[in-house]
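I have the sequence and the model open side by side today. These are my notes on what I looked up, in the order I went through it.

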Amino acid sequence: MAEEQKILRVVSWNVNGLYSTLKDAASRYQSASYYFSDVLHADIVCFQEAKIQEEKLEKWMAFVPSYDSYWAFSQEKKGYSGVVTYVKDKLLPLDARADWLVTQDDDSDDEASTADLCKEGRIMYTDHGSFVLLNVYVPNAGGQIGQPRMDFKLRYLKALQKTCDALVRSGRHVVVVGDFNVAHRDIDVHSRWKIAEIYTVEEREWIDGFLNKYVDLYRHFHPNETDVFSVWNQKTEARIHNEGLRIDFAVCDKGFLPQVIDVDIMKMVPKKWSDHAAVVMVLKEQPCLGSHPAPALSSRNLKQFIDDPRQKKLTSLFSRGSGSQVSEPKERLCLAPVPVSEGEQQFSEEGGEHSLEMVLQPLPSQNNDVTDSASVMARDNEFDSVLREQNTIQDSQCVVISQKDECVVRVPNVSAIGMKSRTGKGVLGNKRKGEPGTSTAGGKQRSLVSFFKAVTGD
């Protein structure tokens with residue numbers, strides 16, 4: 001049997017609002033990562049019309065396991081437009097640029113007149129070595145009455161072609177995917193319409209000229225297919241009757257065409273996710289780029305999600321000095337119950353504030369009291385048991401952690417969530433953080449389990 005050909009699969013989709021779609025997909029298919037890799041089978045996922053505000057981007061969306069993400073946000077109108085490209089870790093691009101367009105002709109210096117094109121989060125450039133990928137969301141003309149943004153749209157389309165032309169002239173291969181907001185020919189619209197009834201002469205002239213220089217990959221592989229569309233009117237029953245338009249494209253320069261295996265249009269399920277279908281492009285496996293740094297725009301470099309290095313963790317208490325690294329202790333840790341001193345707050349069945357005393361004492365060495373290895377193992381098992389039981393602590397006990405150098409760490413007002421009273425019920429019952437009857441330290445509630453996780457490295 002011949003060896004299966006290795007491929008690179010790119011999925012492009014106008015989601016008309018990414019947050020709800022990706023959240024629903026993650027719920028239906030275990031996780032966003034599983035949805036990308038095992039449902040879409042995608043190495044690269046390009047979304048248009050994400051409608052995510054930069055300051056409201058959530059970590060779970062930025063960090064989909066096994067994928068880097070690259071975002072272009074609208075700077076002019078919040079929660080509008082926006083594109084994002086997710087790339088598998090193994091395909092880490094060499095470079096990424098948001099809202100990047102070649103904004104002038106070789107014989108023109110009128111760059112300032114096109115600066116407004118690069119403020120709406122409409123294009124993401126990623127450099128994959130053997131080709132440059134442009135994830136594009138072309139502006140709409142602004143409705144049928146007056147079409148107030150027609151000039152803006154035509155200027156954007158011309159700037160997009162200038163960008164592709166400049167890249168090809170520099171020796172690069174170009175792949176463009178996304179929503180062009182214009183169909184090409186009558187075969188690309190439902191038979192009840194004519195292309196000239198929907199788009200202006202200028203729009204049709206642009207798409208004719210662009211696809212004369214670059215390859216419309218769907219039509220290359222499916223030249224005579226009819227009634228294949230990528231968008232339908234959500235306000236009517238247009239999708240049921242398949243009355244749509246094909247305005248979502250995958251395009252490449254003619255020199256890159258031998259690298260493309262197939263392109264198809266995939267109707268997404270459920271239909272409520274978007275009024276668009278996805279374009280799926282299958283490429284031959286591309287050369288490995290080797291090890292290199294992530295581009296500055298990579299999600300792994302987003303400042304709002306990088307842990308503050310100034311934030312101290314409980315593990316820092318075990319280091320030998322203020323600036324030293326946390327290392328494996330020379331003596332193993334064990335737990336032992338000790339009585340709570342008089343005047344200390346007791347754990348009660350009614351809940352309330354608590355004080356936890358953690359005393360670090362040396363574990364008896366072989367030269368002192370402990371000479372039997374079984375005793376050490378028993379102490380280790382006791383430590384593990386406490387963790388497994390989520391630190392079940394009786395009313396008159398607190399936790400003692402023994403280590404070589406003695407010191408006392410007192411943590412005030414630790415909530416007893418996860419601890420059990422003599423009756424076996426949780427001290428705080430079913431009350432949630434912030435509800436009446438619960439206590440917090442400095443406004444932030446911490447469970448005892450979190451302190452042990454910091455120590456054990458879980």
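**Entry 1: a helix to start with**

Across which strands does helix H6 lie, and at about what angle does it run to E9? I found that H6, residues 201–213, lies across E9 and E12, and that it runs at about 105° to E9. A reminder to myself: this is a predicted model.

**Entry 2: the overall picture**

I looked up the totals next. The protein comes to 9 helices and 18 strands. It has 458 residues, and buried ones make up 45% of them. I also checked the contacts with a separation of 6 or more: 76% of them are between residues 24 or more positions apart.

E9 and E12 made me look up their sheet. It is an open sheet of 6 strands in the order E5-E6-E7-E8-E12-E9, and its pairing is mixed. The edge strands are E5 (95–98) and E9 (214–216), each of which pairs on one side only. On average, neighbouring strands here are turned by 15° against each other, direction ignored.

I then looked for another helix on these strands. Helix H4 lies across E6, E7, E8, E9 and E12 (248–253), and it runs at about 180° to E7.

**Entry 3: strand E7**

Is E7 enclosed or open to the outside? I counted 6 of the 6 residues in 132–137 as buried, so E7 is largely enclosed by the rest of the structure. In a regular strand, side chains alternate between the two faces of the sheet. So I checked the faces one by one: Val 132, Leu 134 and Val 136 are buried on one side, and Leu 133, Asn 135 and Tyr 137 are buried on the other.

Which strands pair with E7, and in which sense? E6 (residues 123–127) pairs with E7 in the antiparallel sense over 5 bridges. Here Asp 127 has Val 132 of E7 as its bridge partner. The hairpin of E6 and E7 has 4 residues between the strands, and Gly 129 there takes a positive phi near 80°.

E8 (residues 174–179) pairs with E7 in the parallel sense over 6 bridges. I noted two positions along this pair: Leu 133 has Val 175 of E8 as its bridge partner, and Val 136 stands opposite Gly 178 in E8.

I picked Val 176, which lies in strand E8. Val 176 has a relative accessible area of 2%, under the 20% cut-off, so it is buried. What does Val 176 contact, leaving aside its neighbours within four places in sequence? My list reads Leu 134, Val 136, Cys 164, Phe 249, Ala 250 and Val 251.

**Entry 4: strand E14**

I moved on to E14, residues 278–284. This strand is mostly covered, with 6 of its 7 residues buried. E1 (residues 7–14) is joined to E14 by 7 bridges, and the two run antiparallel. Arg 9 stands opposite Val 282 of E14. E13 (residues 260–266) is also antiparallel to E14, with 6 bridges joining them. In that pair, Asp 264 stands opposite Val 280 of E14.

**Entry 5: two loop residues with positive phi**

Where does Glu 49 lie? It is in the loop between E2 (44–48) and H3 (59–62). Glu 49 is not a glycine, yet its phi is positive, near 55°. Its relative accessibility is 14%, so it counts as buried.

Asn 181 lies in the loop between E8 and H5. Its phi is near 55°, again a positive value in a residue other than glycine. Asn 181 counts as buried, at 10% relative accessibility.

**Entry 6: the largest pocket**

Asn 181 turned up again when I looked at the largest pocket, as one of the residues nearest its centre, with Asn 140, Val 231, Leu 245 and Ile 247. The pocket is lined by 35 residues. H4 (150–169), H5 (195–198), E10 (231–232) and E11 (244–245) are the elements that give two or more residues to this lining. The volume is about 910 Å³. By class, I noted 13 nonpolar, 12 polar and 10 charged residues in the lining.

Note on methods:
Residues are numbered from 1 along each chain as its sequence is written. This is a predicted model: local features need pLDDT of at least 70, side-chain atom pairs count only at pLDDT 80 or more; totals for chains, interfaces and linings use all residues. Side-chain values use heavy atoms; hydrogens and water are left out. On a 1 Å grid over the protein atoms alone, a cavity is a set of points where a 1.4 Å probe fits but cannot get out, and a pocket is an open set with protein on both sides within 12 Å along at least five of seven lines; lining residues have an atom within 4 Å of a point. Grid points are joined across faces, edges and corners, and a volume is the space filled by probe spheres set on the points. Ala, Val, Leu, Ile, Met, Phe, Trp, Tyr, Cys and Pro count as nonpolar, Asp, Glu, Lys and Arg as charged, and the others, Gly among them, as polar. Buried means under 20% relative accessible area, exposed over 50%, partly exposed in between (1.4 Å probe, protein chains only). Two strands pair if DSSP finds at least two bridges between them. Axes are lines fitted to C-alpha atoms, for helices over the stretch in contact, and angles run from 0 to 180 degrees between N-to-C directions. Contact means heavy atoms within 4.5 Å.
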